[in-house]
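Hi there,

Here is the structure I promised to pass on to you. Please have it open while you read, as my notes follow below.

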Amino acid sequence: MSSSHMHALSSCNVTRKASANVANAGLRLNKAIAQSGLCSRRKADALILAGRVRVNNQVETNPARHVFLSADVLSLDGHTLDASQHLVYVLFHKPVHVVCTLSDPEGRSTILNVLPEQYKTTRLYPVGRLDYFSEGLLLLTNDGQLAQRLMHPRYHQPKTYEVLVRGSVHESSLHTMRHGMCLAEGDRLAPVQVAAIALPSGDTILRMVLHQGLNRQIRRMCRDLGLTILRLRRVAQGVLHLGDLPCGAARPLTDIELNALRKSVQL
């Protein structure tokens, strides 16, 4: 047997032994909670230190305690956590007239109602929001740690929108957006990258890249500039792109997308 072949076998054995050692040693409690999709590891630390977590019905206040997913029962405030679940990452094209919640007291349609059937058996949560009248890219996952990073201001992901507005858009309005503007409510906005595309119909598509996460920012900007929005669609978020995914459809992230996404938030 060649030395290179022996080296490959040796490396493979080392990998198997390392995996076995991890399985034998168990998993840190805070990581197990984060893996359940409940929250980030830092938030899990706070829950554990507050005495809200139990292992086998005994309060545990040590985040570093190792647990075994095949044998130990974890619970938060009396509710059992499933830390062995498979992590799922879904890119969804949210339609209009759908709220980004799992339930709605007003009885409106939710993302849970319109998700393709194969994703309804896993409890997925939206990362961020799109308002009721907007459509486009929405990331859904049960990976609490990744979701927390993506929504943290430190790791803010630039978001790209295509906004169809009625009529033409004056250059002065574009200049105001590009140099930062102050909303009627007093909020000062960071400059927005914006390009205008005139359509044969006389209407205009604004392609806008936002670098801050202010609530309903585009709608409020257009309101203050006297622009009427006919359609608002998010087409990209960080490294993720909507592409030609049909409205109401969903697909899993590719390995390349997931690796790039995790890298973008230093995971």
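D77 counts as partly exposed, at 43% relative accessibility. This residue is found in the loop between β5 (74-76) and β6 (79-81), and D77 has a positive phi of about 50 degrees although it is not a glycine. Do keep in mind that the model is predicted. H97 is another non-glycine residue with a positive phi, here near 60 degrees. You will find H97 in the loop between β7 and α4 (111-114), where H97 is partly exposed with a relative accessible area of 43%.

Leaving aside residues up to four places away in sequence, L140 touches V88, Y89, V90, F92, I111, L115, L124, Y125 and P126.

Searching the whole structure gives 1 cavity of 30 Å³ or more, and the volume of the largest cavity is about 40 Å³. By class, that makes 7 nonpolar residues, 1 polar and no charged.

The helix α7 deserves a look of its own. How many of its 8 residues are buried? The count is 6, so α7 is mostly covered by the under 20% cut-off for relative accessible area. The buried residues are Q217, I218, R219, R220, M221 and C222, and they pack against β10, α6, β12 and β13. After α7 comes G226, with a positive phi near 75 degrees.

α7 also has a part in the largest pocket, where α5 (144-151), β10, α7 and β13 each supply at least two residues of the lining. This pocket holds about 680 Å³ of space. Its lining is made of 28 residues, and R129, L214, N215, R216 and R234 lie nearest the pocket centre. Sorted by class, the lining of the pocket has 13 nonpolar, 9 polar and 6 charged residues.

Finally, the charged pairs. Side chains of opposite charge can pair when their charged atoms come close. With a cut-off of 4 Å between a side-chain nitrogen of Lys or Arg and a carboxyl oxygen of Asp or Glu, the count comes to 16 salt bridges. One of them joins R207 to E162, with the closest N and O atoms 2.8 Å apart. R207 is in strand β12 (residues 204-210) and E162 in strand β10 (residues 159-165), so this pair ties together parts that are 45 residues apart in sequence.

E171 and R178 make another salt bridge through their side chains, at 3.1 Å from N to O. Both of these residues are partly exposed: E171 at 49% relative accessibility and R178 with a relative accessible area of 34%.

A further pair is R223 with D224, whose closest N and O atoms are 2.8 Å apart. R223 is partly exposed, with a relative accessible area of 42%, and D224 counts as partly exposed at 29% relative accessibility. This pair belongs to a network in which salt bridges that share partners join E185, D187, R220, R223 and D224. R220 is also one of the buried residues of α7.

Those are my notes, and the structure is now yours to explore. Happy browsing!

Best wishes

How values were computed: Residues numbered from 1 in each chain as written. Predicted model: local features only at pLDDT ≥ 70, side-chain atom pairs only at ≥ 80, totals over all residues. Heavy atoms only, no water. Helix = DSSP H or I, 4+ residues; strand = E, 2+ residues; numbered from the N terminus. Buried < 20%, exposed > 50% of the residue type's maximum accessible area, 1.4 Å probe, protein only. Contact = heavy atoms within 4.5 Å. 1 Å grid on protein atoms, 1.4 Å probe; cavity = no way out; pocket = protein on both sides within 12 Å on 5 of 7 lines; lining within 4 Å. Points joined across faces, edges and corners; volume = space filled by probe spheres on them. Nonpolar A, V, L, I, M, F, W, Y, C, P; charged D, E, K, R; others polar.
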